[in-house]
Amino acid sequence: MTKSLSSTPVTVGPSTNPSPPQVRELHDGHREAVLRHLVALGPEDRHLRFGSPTSDIVIERYVANLDFSRDAVFGVFNGALNLIGIAHLAYLPAKRGALRTAEFGVSVLLGERHRGLGAALLKRAAMHARNTQITTLFVHCLANNKAMMNLAQKLGMRVEFAYGDADAYLILPPANVQSILNEATQEQMADLDYAVKANLKQSKQIWRWFFGMPNRS
Ligand SMILES: CC(C)(COP(=O)(O)OP(=O)(O)OC[C@H]1O[C@@H](n2cnc3c(N)ncnc32)[C@H](O)[C@@H]1OP(=O)(O)O)[C@@H](O)C(=O)NCCC(=O)NCCS
């Protein structure tokens, strides 16, 4: 069954987690951080993320070619301001008369999984896609990728299997005032979250310097 994503704010995650993951839209200045995140993925995760075994060189090329003005890239930062989760919303070329489609790809660092980051990134990307006139959100992945399939189905995507691969689709409703306001609010909350983390990181560094302790990134 195909369901459309509701415009409720992102509040995914176990109830024990007091604060939901804050998803921020990334820009060209985050290219280096995106690269650090992706090369930190192990061989199996790279295979699942990109659909084939992926070397550092291929990842470097992928990151160098990311077009932040055409596509949208989202991230979740930890307290040290490292990117622990990333999603890439790639806008597929629009064909005359055809539905406008965007492809979603996601990765969360191994130690940060099962805390709702993947779901938060998918919801955030779906909201952005909806607000930028995309009608179909699409995820292509290997059929043995249980995590991604469960995540997609949990968020109402229709999953089709063929020849060892799986495609998940989500039909998005048209944007409205509420969906645009929701996205703006979430972006502001994510900016605030980032600013708080940046301040905390800086004060920790000052205290470490004060006590003559080595600095940590
Ligand atoms: C897929 C991935 C992004 C999920 O990230 P995550 O932050 O752990 O996901 P969430 O915590 O939001 O989980 C949401 C739901 O996904 C499903 N899920 C997540 N990990 C799962 C796993 N290992 N096995 C089965 N289902 C899983 C569950 O239904 C989960 O809901 P629940 O926690 O209420 O049970 C992560 O496993 C990953 O980075 N994998 C490697 C890259 C990849 O496969 N990318 C997808 C292809 S583009």
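Reader: Which residues of H4 and H6 meet in this predicted model?
Author: In the predicted model, Arg124, Met127, His128, Arg130 and Asn131 are the residues of H4 that meet H6. On the H6 side, the residues are Ser179, Ile180, Asn182, Glu183 and Gln186.

Reader: How do the residues of that contact divide into nonpolar, polar and charged?
Author: The contact of H4 with H6 comprises two nonpolar, five polar and three charged residues.

Reader: At what angle do H4 and H6 pack, and how far apart are their axes?
Author: Helix H4 and helix H6, the latter spanning residues 177-210, pack at about 135 degrees. Their axes are 10 Å apart.

Reader: Is the crossing left-handed or right-handed?
Author: H4 passes H6 in a left-handed crossing.

Reader: Turning to the sheet, which strands does H4 lie across?
Author: Helix H4, residues 117-131, lies across E2, E3 (83-91), E4 (101-108), E5 (136-142) and E7 (165-171). H4 runs at about 30 degrees to E3.

Reader: What is the strand order?
Author: Seven strands form an open sheet with mixed pairing, in the order E1-E2-E3-E4-E5-E7-E6. The edge strands are E1 (24-25) and E6 (158-162), each of which pairs on one side only.

Reader: In what sense do E1 and E2 pair, and over how many bridges?
Author: E1 pairs with E2, residues 72-77, in the antiparallel sense over two bridges.

Reader: Which residue in E2 is the bridge partner of Arg24?
Author: The bridge partner of Arg24 is Gly75 in E2.

How values were computed:
Residues numbered from 1 in each chain as written. Predicted model: local features only at pLDDT ≥ 70, side-chain atom pairs only at ≥ 80, totals over all residues. Pairing = 2+ DSSP bridges. Helix = DSSP H or I, 4+ residues; strand = E, 2+ residues; numbered from the N terminus. Contact = placed C-beta atoms within 7 Å. Axes fitted to C-alpha atoms, helices over the stretch in contact; angles between N-to-C directions. Left-handed = near helix turned anticlockwise from the far one by under 90°. Nonpolar A, V, L, I, M, F, W, Y, C, P; charged D, E, K, R; others polar.
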